[in-house]
Amino acid sequence: MIPVTDTVSEQLAPPGTADAVAADPPASGPPATAATTTTTTRRRVRRLAPGKRLPYARLLGPALLLVIWSVANVTGSLDPRTLPAPWTVVRTGAHLWSSGTLSTDVTESLWRAAQGFAIGLTVGVVLALLAGLSRIGEAVIDGTVQINRSVPTLGLIPLFILWLGIGETFKVAIIAIVVYIPIYLNLYSALSGIDHRFVELGEVLRLSRWQFIRQIVIPGALPGFFVGLRLGVTGSWLSLVVLEQINATNGLGYMMFQAQNYGQTDVIVLGLLIYGVFGFASDSVVRILERRVLSWRRSLNT
């Protein structure tokens with residue numbers, strides 16, 4: 001029988017070197033051991049991974065876009081009336097902040113997004129737990145949520161205005177709906193996708209219902225929960241920019257809507273950049289929290 005390690009070595013060796021190795025064995029030195037061969041094989045396998053994570057690597061893409069944007073404005077290949085230069089947008093932001101307008105709009109937008117996100121997170125987690133841990137809950141909840149998911153959430157705006165009025169309540173309610181759907185879907189999928197062998201293991205170990213949920217179900221569902229959490233955070237910002245243009249008197253969306261009426265492209269771009277920064281920062285916070293909570297899991301991202 002041919003050893004597996006020899007077969008792997010022959011396949012990985014360059015053409016024409018296998019005969020030379022067989023004809024001219026090393027004159028001195030200890031023979032290769034199984035541990036040495038295993039270590040070499042592991043090192044070769046590790047090369048398939050993306051490699052060590054680079055610090056602040058996700059800032060490279062936005063920084064590159066900023067450089068291209070600046071160069072395009074300096075060379076004149078980009079019309080400032082279409083897309084103002086970055087330094088023009090910064091000056092506009094500094095002026096609006098010093099006048100107190102921008103700070104008020106940012107505060108109001110953050111408060112709306114925070115309220116809707118908190119409600120959506122709570123509702124999504126509770127519904128997913130009821131549907132994922134109970135057959136009765138699954139029968140009652142999952143079908144309803146799937147129907148809700150199929151209905152465009154922003155299409156509910158006219159109906160919610162009739163129900164809740166045109167004030168802040170309907171805006172928060174729409175944000176909550178946008179947030180809870182991805183959180184529910186991913187958490188419910190993670191709960192229902194737990195391997196049944198873990199259930200059998202819990203029965204063998206005579207775990208109680210609460211011990212089974214705490215020690216097996218929750219750790220197994222956390223990766224899916226964080227995926228839904230990231231989608232929910234992004235959804236809160238995407239819906240906010242639309243809702244703040246409907247009968248609002250403040251907020252970033254209102255600021256951009258007013259700038260559209262006066263042709264202030266720099267103000268519109270400023271609002272979009274602030275939304276992008278908020279979305280990027282909140283997603284980064286969720287990523288950091290995920291790495292802390294799931295520090296026991298080894299993946300390509302660690």
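**Ground rules**

I number residues from 1 along each chain as its sequence is written, and for side-chain values I use heavy atoms, with hydrogens and water left out. Since the model is predicted, I ask for pLDDT of at least 70 for local features and count side-chain atom pairs only at pLDDT 80 or more, while totals for chains, interfaces and linings use all residues.

**Whole chain**

I looked up the secondary structure and found 13 helices and 0 strands in the protein chain, where helices (H or I, at least four residues) and strands (E, at least two) are DSSP runs numbered from the N terminus. Of the 302 residues, 32% count as buried; for this I take buried as under 20% relative accessible area, exposed as over 50%, and partly exposed as in between, with a 1.4 Å probe and protein chains only. The chain exposes about 19,400 Å², of which carbon and sulfur atoms supply 66%, the areas coming from the Shrake-Rupley method with a 1.4 Å probe and, for residues, with only the protein chains shown counting as cover. I also looked at contacts (heavy atoms within 4.5 Å): among those between residues at least 6 apart in sequence, 71% join residues at least 24 apart.

**α11 against α13**

I then turned to helix packing, with axes as lines fitted to C-alpha atoms, for helices over the stretch in contact, and with angles from 0 to 180 degrees between N-to-C directions. Helix α11 (residues 209-243) packs against helix α13 (residues 265-293) at an angle of about 170°, and their axes are 10 Å apart. That makes α11 roughly antiparallel to α13, on a scale where under 35 degrees is roughly parallel, over 145 roughly antiparallel, 65 to 115 roughly perpendicular and the rest oblique. I noted the crossing as right-handed; a crossing is right-handed if the near helix is turned clockwise from the far one by less than a right angle, and left-handed if anticlockwise. On the α11 side I listed residues including Leu222, Phe226, Arg230, Val233 and Trp237, and on the α13 side residues including Tyr275, Phe278, Asp283, Arg287 and Glu290. By class, this contact has 12 nonpolar, 2 polar and 4 charged residues, with Ala, Val, Leu, Ile, Met, Phe, Trp, Tyr, Cys and Pro as nonpolar, Asp, Glu, Lys and Arg as charged, and the others, Gly among them, as polar.

I looked up Asp283 separately: this residue of helix α13 counts as buried at 15% relative accessibility. Leaving aside neighbours within four places in sequence, Asp283 is in contact with Arg230 and Val233.

**α5 against α13**

Helix α5 (residues 86-99) packs against α13 at an angle of about 85°, with the axes 9 Å apart, and the two are therefore roughly perpendicular to each other. Thr88, Val89, Thr92, Gly93 and Leu96 in α5 meet Asp266, Val267, Val269, Leu270 and Leu273 in α13, which I sorted into 6 nonpolar, 3 polar and 1 charged residues.

I followed this with Leu102, in helix α6, which is buried at 5% relative accessibility. Leu102 and Gly271 are 169 residues apart in sequence, yet 9.4 Å apart in space from C-alpha to C-alpha.

**α6 against α9**

The axes of helix α6 (residues 101-133) and helix α9 (residues 168-192) come within 6 Å and cross at roughly 35°, and I noted this crossing as right-handed. The residues of the contact divide into 21 nonpolar, 5 polar and 3 charged.

In α6 I picked out Gly120, which is buried with a relative accessible area of 0%. Beyond residues up to four places away in sequence, Gly120 touches Ala176, Val179 and Tyr180, and the C-alpha atoms of Gly120 and Ile175, 55 residues apart along the chain, are separated by 7.4 Å.

Val217, in helix α11, is buried at 5% relative accessibility. I found that Val217 touches Leu133, Leu191, Ile194 and Phe212, not counting residues up to four places away in sequence.

My last entry is Arg206, in the loop between α10 (196-204) and α11, which is exposed with a relative accessible area of 75%. Phi of Arg206 is near 55°, a positive value in a residue other than glycine. Most residues other than glycine have a negative phi.
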